[in-house]
Amino acid sequence: MRRRELPGGIAPPTKGELKRQAQSVQDLANRLIDAPAGVADGLDLPEKLADAIALARRITSHAARVRQRQFVAKLMRGIDPAPLAAALDARADAARLEAARFKRAERWRDRLIARGPAALAEFSAGHPAADRAELARLVAEAVAERQGSRAAGAGRKLFRLVQSALAAHG
């Protein structure tokens with residue numbers, strides 16, 4: 001069976017293509033509803049769409065929430081989805097980078113506590129702006145804290161110092 005062509009040699013989209021397009025708009029609508037309110041506020045959305053998104057976030061009934069999500073997707077068909085998708089992707093990328101920085105600081109803190117002076121020398125060589133004396137003091141306190149001879153808090157202070165040194169270094 002041949003697809004019918006419109007004038008100008010352009011074939012209309014198939015039923016499957018239409019379904020895929022509708023699903024991609026629905027997925028984008030769901031991402032927009034699930035994103036924090038500040039993200040949606042930062043986008044230049046039509047007022048009716050912004051109100052529908054705000055309402056979808058407040059609805060607790062499952063069936064009503066599904067209907068409202070579908071309504072948001074219907075409203076989104078009239079706007080260009082590319083800027084919305086780009087904004088949501090940029091936010092997700094920023095969140096992934098922040099999580100990676102956090103994990104890196106945790107690994108350094110744990111390595112400093114576990115390996116002591118060797119890890120301290122390695123960290124100081126890679127991050128010369130960090131206060132080596134303060135780092136050494138906090139490492140000693142964190143080690144004592146883990147052994148149970150000190151009050152809690154030294155590990156957190158060490159983490160904050162490592163995190164700021166990593167942020168300053170880039």
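Helix α3 passes helix α4 in a left-handed crossing. A crossing is left-handed if the near helix is turned anticlockwise from the far one by less than a right angle, and right-handed if clockwise. The structure is a predicted model, in which local features need pLDDT of at least 70 and side-chain atom pairs count only at pLDDT 80 or more, while totals for chains, interfaces and linings use all residues. Residues are numbered from 1 along each chain as its sequence is written, and side-chain values use heavy atoms, with hydrogens and water left out.

Helix α3 covers residues 47–58 and helix α4 covers residues 62–76. Helices (H or I, at least four residues) and strands (E, at least two) are DSSP runs, numbered from the N terminus. The axes of α3 and α4 come within 9 Å and cross at roughly 160°. Axes here are lines fitted to C-alpha atoms, for helices over the stretch in contact, and angles run from 0 to 180 degrees between N-to-C directions. α3 and α4 are therefore roughly antiparallel to each other. Angles under 35 degrees count as roughly parallel, over 145 as roughly antiparallel, 65 to 115 as roughly perpendicular and the rest as oblique.

Alanine 54 is placed in helix α3. Its relative accessible area is 28%, so alanine 54 is partly exposed. Buried means under 20% relative accessible area, exposed over 50%, and partly exposed in between (1.4 Å probe, protein chains only). Alanine 54 and aspartate 41 are 13 residues apart along the chain, and their C-alpha atoms are separated by 10.0 Å.

Helix α1 spans residues 15–34. The axes of α1 and α5 come within 11 Å and cross at roughly 45°. That angle makes α1 oblique to α5. The crossing of these two helices, α1 and α5, is left-handed.

α6 and α7 also pack together, at an angle of about 150° and with axes 11 Å apart. This makes α6 roughly antiparallel to α7. α6 passes α7 in a right-handed crossing. Alanine 118 is found in α6. With 47% relative accessibility, alanine 118 counts as partly exposed. The C-alpha atoms of alanine 118 and valine 143 are separated by 14 Å, and the two residues are 25 residues apart along the chain.

Glutamate 141 belongs to helix α7, residues 132–147. Glutamate 141 counts as buried because its relative accessibility is 15%. Its side chain makes a polar contact with the side chain of arginine 137, at 2.5 Å. A polar contact is a pair of N or O atoms within 3.5 Å; within protein, one must be able to donate a hydrogen and the other to accept it, and residues adjacent in sequence count only if both atoms are side-chain atoms.

The structure holds two aromatic pairs. One of them joins tryptophan 108 and phenylalanine 123 edge-to-face, 4.9 Å centre to centre and with 70° between the planes. This pair links distant parts of the chain: tryptophan 108 lies in helix α5 (residues 81–115) and phenylalanine 123 in helix α6 (residues 117–126), 15 residues apart. Rings of Phe, Tyr and Trp (its six-membered ring) pair if their centres lie within 6.5 Å; planes under 30 degrees apart count as stacked, over 60 as edge-to-face and the rest as tilted. Both tryptophan 108 and phenylalanine 123 are buried.
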